Amino acid sequence: LKLWHIFFFGGRMANVVRLVQSDDLPSVSFTIRDANRAVDGQEVDKKDSDTWRPVDLTGAIVYAVVSDSGSNVQIDVVAVQVLDAAAGEVILYLNDCVFINKAGRYDCEVTVDFSLGQQTVYDMLVFDVRERINASASV
């Protein structure tokens, strides 16, 4: 049983990513870790993600899809770049995404394709897009 999780740089487990409607430069960086395999020289501690081994993404293709929160119908695709394959570090570029233009809550599922098969990361990223404040013409 593989149980992979997403951790933002700095060690915080994925929760809610807050975005502003129609921003055109947002990105989200994180590390994919395996909760069942320990970092070299340590034992797995289910309560301490620093002991969990990063997933080696060498040769893998990582992709991400977005749905309305609570739905399993894909509404968008997110561009993904592997930053450091051996360390499991990736970045999602949201600038070409359509969902960010509409305020709401969205789920993002990350999948890793290896030559021998695919593994979907257990945690989903949740995007909370708030409405942009529109300046009035009199300002």
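Predicted model: local features only at pLDDT ≥ 70, side-chain atom pairs only at ≥ 80, totals over all residues.

Biologist: How many salt bridges does a search of the whole structure find?

Modeller: Side chains of opposite charge can pair when their charged atoms come close. The criterion for a salt bridge is a side-chain nitrogen of Lys or Arg within 4 Å of a carboxyl oxygen of Asp or Glu. The search of the whole structure finds three. Aspartate 23 pairs with arginine 132, their closest N and O atoms being 2.2 Å apart. This pair links distant parts of the chain, 109 residues apart: aspartate 23 is in the loop between strand E2 (16-20) and strand E3 (27-38), and arginine 132 is in the segment after strand E10 (125-130). Strands (E, at least two residues) are DSSP runs, numbered from the N terminus.

Biologist: Which residue is the salt-bridge partner of aspartate 40?

Modeller: The partner is arginine 53, with the closest N and O atoms 2.8 Å apart. Aspartate 40 lies in the loop between E3 and strand E4 (52-54) and arginine 53 in strand E4, so the pair ties together parts that are 13 residues apart in sequence.

Biologist: Is aspartate 40 buried or exposed?

Modeller: Buried means under 20% relative accessible area, exposed over 50%, and partly exposed in between (1.4 Å probe, protein chains only). Aspartate 40, at 62%, counts as exposed, whereas arginine 53, at 24%, counts as partly exposed.

Biologist: Where are the residues of the pair formed by arginine 105 and aspartate 128?

Modeller: Arginine 105 is in strand E8 (residues 104-114) and aspartate 128 in strand E10, 23 residues apart. Their closest N and O atoms are 3.7 Å apart. Arginine 105 is partly exposed at 40%, and aspartate 128 is partly exposed at 27%.

Biologist: In what sense do strands E5 and E6 pair?

Modeller: Two strands pair if DSSP finds at least two bridges between them. Strands E5 (residues 61-68) and E6 (residues 74-84) are antiparallel, with four bridges; serine 67 has glutamine 74 in E6 as its bridge partner. They form a hairpin with five residues between them, and glycine 70 in the turn has a positive phi of about 85 degrees.

Conventions. Residues numbered from 1 in each chain as written. Heavy atoms only, no water.
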